[in-house]
Amino acid sequence: MLNLIIKLREHIKLLFHPVIINAFVFYDERGRVRKENWGDDINYYFLRDIVKRPLVLVNRTSLAFRLELRNYLVIGSTIDMLCRRNTEVWGAGIIDGSKPLQMKPTKVHAVRGPLTRNKLLAEGVDCPEIYGDPALLTALYYRPNITRRCKYGIISHVSNLALLENMLIEGEPLSQCEDVLIINMRQYVHWHDIIDQVCACEAILSSSLHGLIIAEAYRIPNVWIEFGKPLIGGHFKFHDFFLSIQRDRTAPVSIVGNTLPLQEIEHEINDWNPGIINLQPLFKSCPFELKKAKYDL
């Protein structure tokens, strides 16, 4: 009986012509989206708030999955990992530019940055010169009134979270430093929460790409850091994004041992200038209708 109800619900959703999103989004035992990684999760939570049509996830909707209905890659480095038949791209990127695509998108409306575009063109995929990670659009729909209360906000990629437990700043554990806010991309209730925390900081230090993207969206100085070995795909996705905002960076600040290199970090903060990107082409190229932005582009 429960399976029948679930299938009926899926059919009802499809009857209302939903936007089908393809993303690394996972579920708990009750079938709810599990808060696993904010940068991936906003493919559901953020887009659900700004897309005019109903939104469903392809890996949760068995009918859409089996019939390979038109689906969209939006936020994340997912083109070379999640492309299926009838996949279209609006804002997503490639994670590793050195490997051939296993499957190519049927249509590209916009991509995260020029490195992704160059790779797609080299693979014979038509790609317009329209750039921008759609997570940058969060600032068009939500702007918190937050007082800056911490000097540094530190965001680790979810694969590096354990490394923060023993990290020191000027000999003091990060967790005990009043000037430091550790922002965990797995611990939030509403998608606004991570943005609130980012906006509560004078500067963001992040090994997570979406930590840097949100800092740029809200014009907060930010430093690209790296704990030990590079993430999957190396630095490709970072340079892809930085080039899209005309602010490429040579390399991350490497965190060796358990102490933050404050002198190097402060140098990066002092040298920071906000990125430059016109989000109007990204907004207009969206293949499904978005709600009107609350704030100017």
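Predicted model: local features only at pLDDT ≥ 70, side-chain atom pairs only at ≥ 80, totals over all residues.
Residues are numbered from 1 along each chain as its sequence is written, and side-chain values use heavy atoms, without hydrogens or water.

The protein chain contains 11 helices and 14 strands. These elements are DSSP runs numbered from the N terminus, with helices (H or I) of at least four residues and strands (E) of at least two. The radius of gyration is 19 Å, which agrees with the value near 19 Å for a compact globule of 297 residues. That radius is taken over C-alpha atoms, and the globule rule is 2.2 Å times the number of residues to the power 0.38. Along the principal axes, the C-alpha atoms fill a box of roughly 60 × 45 × 35 Å.

Of the 297 residues, 56% are buried. Buried means under 20% relative accessible area, exposed means over 50%, and partly exposed lies in between (1.4 Å probe, protein chains only). The chain exposes about 14500 Å², and carbon and sulfur atoms supply 50% of this area. Accessible areas come from the Shrake-Rupley method with a 1.4 Å probe; for residues, only the protein chains shown count as cover. Among contacts between residues at least 6 apart in sequence, 62% join residues at least 24 apart. A contact means heavy atoms within 4.5 Å. The chain carries 35 positive and 33 negative charges, and their mean positions are 10 Å apart. Lys and Arg count as positive and Asp and Glu as negative, while His and the chain ends are not counted. Each charge is placed at NZ of Lys, CZ of Arg, CG of Asp or CD of Glu.

Strand E6 (residues 87–90) is covered on both faces. Thr87 and Val89 are buried on one side, and Glu88 and Trp90 on the other. E6 pairs in the parallel sense with strand E5 (residues 71–73) over 3 bridges. Pairing requires at least two DSSP bridges between the strands. Strand E7 (residues 107–110) also runs parallel to E6, joined by 3 bridges. Glu88 of E6 stands opposite Tyr72. Glu88 also stands opposite Lys107 in E7.

In E13, 6 of 6 residues are buried. E13 pairs with E12 in the parallel sense over 3 bridges. Within this pair, Val223 of E13 is the bridge partner of Leu205. Asn222 belongs to E13 and counts as buried at 2% relative accessibility. Beyond its neighbours within four places in sequence, Asn222 contacts Ile204, Leu212, Ala215, Glu216, Arg249 and Trp272. Asn222 and Leu212 are 10 residues apart in sequence, with C-alpha atoms 6.4 Å apart.

Helix H9 (residues 236–244) is mostly covered, with 8 of its 9 residues buried. Among them are Phe236, Phe238, Phe241 and Phe242. Charged residues are buried here too, including Lys237 and Asp240. The cover includes helix H5 (114–122), helix H8 (209–217) and strand E13 (222–227). Ser244 lies in H9 and counts as buried at 5% relative accessibility.

In helix H7 (residues 192–199), the buried residues are Ile194, Ile195, Gln197, Val198 and Cys199. These pack against helices H2 (38–50), H6 (138–141) and H8, and against strands E8 (150–155), E11 (180–183) and E12 (201–206).

Most residues other than glycine have a negative phi. Gln246 follows H9 and has a phi near 60 degrees. Gln246 sits in the loop between H9 and strand E14 (253–255) and is exposed, with a relative accessible area of 52%. Glu170 has a positive phi of about 50 degrees. Glu170 is in the loop between strands E9 (168–169) and E10 (172–173) and counts as exposed at 71% relative accessibility.
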